[in-house]
Amino acid sequence: MRHIKIFDTTLRDGEQSPGCSMNLSEKVEMARQLEKLGVDVIEAGFAIASPMDFRSVQRIARAVKSCTVASLARCTKGDIDAAWDAVKEAAHPRIHVFLATSDIHMQYKLQMTREQVLQRISEMVAYARSFCADVEFSAEDASRSDWAFLAQCYSNAVAAGAATLNVPDTVGYSTPQEMGDLIRYLRENVAGVENVDISVHCHNDLGMAVANTLSCIQAGATQVECTVNGIGERAGNASMEEIVMALHTRRDFYDAETQINTKQIYRSSKLLSSITGVAIAPSKAIVGANAFAHESGIHQHGVIANAQTYEIMNSADVGIPQNTMVLGKHSGKHALREKLESMGYELSDEELESVFQRFKTMADKKKNITGSDLESLVLHRRNNINPTCRLVGHSINTSTSDVLPTTSYIKLERDGEMMEEVAIGSGPVDAAYKAINRMLGMDVRLEGFSLTAVTDGEDAIGEAVVKISDGSGESYTGTGLSTDILESSIRAYVNGINKIIEAGTAHD
Ligand code: KIV
Ligand code: ZN
């Protein structure tokens, strides 16, 4: 079987999608999860883009040991210097340089001639190679470029030392047949192509990113670029979980495999969604809530008789927890650790303590603690370890009458100091958020709010997700969890505010 390398760009192209920005510690946490998942390459960011991007690429380069860590760079010395500075401490560093090669991009964006582009590729790939043995070259908008010119660009990149040639369908315009034909053409027309990896990077504007990627694999691509949950610019990138499970489930057809630990797929997807607050559509293949659910009686009957009647994959293979009762209110810390380890979560003592405290509170309110309940507690653990502000208590009086206002009383602890405030509002959430703003002296604005049940049943846990901004133009995602939906809403707001405070401190 052929080995296909997975180049994950969740933290670079994925992070460019609206609402998907992550802070430094979240990016490092996601990178560690990608390492567990077994991706070959993590594109950690675009080092030159901002000091924060640089720091996160550098932190990931230091933290990750078993994957290659790449930084993106345009074909300029400044970008390449920054990329190398950021990745040089990685166990396996890579510089990923790109330059557009389509006529439309060269004329209107770059204002460069074909000759200038060819020369720049040779010079900048060689410049990147003077620092780093592992250089990838991407011809941006490759799929809309003139094929003969494109082959010349890639030949120059190989001659200058590139080890990977990436072929992006930058605007998601191509069809599977065209992308496959392009890869076959490049394999025949690029000098030295037999010694390098051919990679593809497909966007999903026409919903064909995964199909295009798979077609390129059939045509001989050896690396694919993708993101968890398919996040990315506009309609996103090819979805990692769909490519991996297509290759896994249809090994008979593709005769190709990845080194992904498929049991970590669901966890990676949930972690990303909990960090960004971007929900996964229920019908999303592989990781959506309905991906393994059978609603119609005929299907249910078939599955009970023989699962293979309607199931082509096993939910356990992608790591979906089984929602049976797993622990109760008398379970101790040891049992909790064992259960979490069996679910694939290894927590530090400090993290376990925080999850255990929340588990005990939950077990007082909820009879059956399921795998999904535990998972949500683990995913929210970072909200509860050394936060700047912590919710101590709240009391809300709601009113539907015009004469009696809805009032809130909120008590917070900020850096060890107790604070309290009351406010009136147009509803309970509004009243609570106004009290918090006033107490902290912050002008926080609510830009988005959603509430979902994490598990089924009357005592389901509600997860609130808020998008807030502090007026600086940046927006932050906060998440909160509780069996009481007002409490989850307040926790989510406080979590978002902690991120604003953390970002302010990081800038200082
Ligand atoms: O879509 C694209 O062309 C890219 C390149 C920078 C690889 O993201
Ligand atoms: Zn892209």
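Select Arg234 to begin: is Arg234 buried, partly exposed or exposed? Arg234 is partly exposed, because its relative accessible area is 46% (buried means under 20%, exposed over 50%, partly exposed in between, with a 1.4 Å probe and protein chains only). You'll find Arg234 in the loop between β9 (223-226) and α9 (240-249); helices (H or I, at least four residues) and strands (E, at least two) are DSSP runs, numbered from the N terminus. Its phi is near 50°, a positive value in a residue other than glycine.

Before we move on, some housekeeping. This is a predicted model, where local features need pLDDT of at least 70, side-chain atom pairs count only at pLDDT 80 or more, and totals for chains, interfaces and linings use all residues. Residues are numbered from 1 along each chain as its sequence is written, chains are lettered from A and ligands numbered from 1 in the order in which they are written, and side-chain values use heavy atoms, leaving out hydrogens and water.

Next, click Gln111, in the loop between α4 (103-110) and α5 (114-129). Gln111 also isn't a glycine, yet has a positive phi of about 50°. With a relative accessible area of 65%, Gln111 is exposed. Most residues other than glycine have a negative phi.

Now colour by domain: domain 1 (2-276), domain 2 (290-319), domain 3 (321-378) and domain 4 (387-507), with bounds from an automatic or database domain assignment.

Time to go inside. Show Val97, Phe137, Tyr154 and Val167: of the 100 residues in the largest nonpolar core, these touch the most other members. (Such a core is a set of buried Ala, Val, Leu, Ile, Met, Phe, Trp, Tyr and Cys residues joined through side-chain atoms within 4.5 Å.) Helix α6 (residues 147-159) gives the largest share, seven residues. Domain 1 and domain 2 both contribute residues, so this core lies between them. Another core, of 26 residues, lies apart from it, and Cys389, Leu412, Tyr476 and Ile490 are among its members.

Zoom in on Tyr154. Leaving out residues up to four places away in sequence, its contacts (heavy atoms within 4.5 Å) include Phe137, Leu165, Val167 and Val190.

Last stop: Phe449, in strand β16. Phe449 counts as partly exposed, at 38% relative accessibility.
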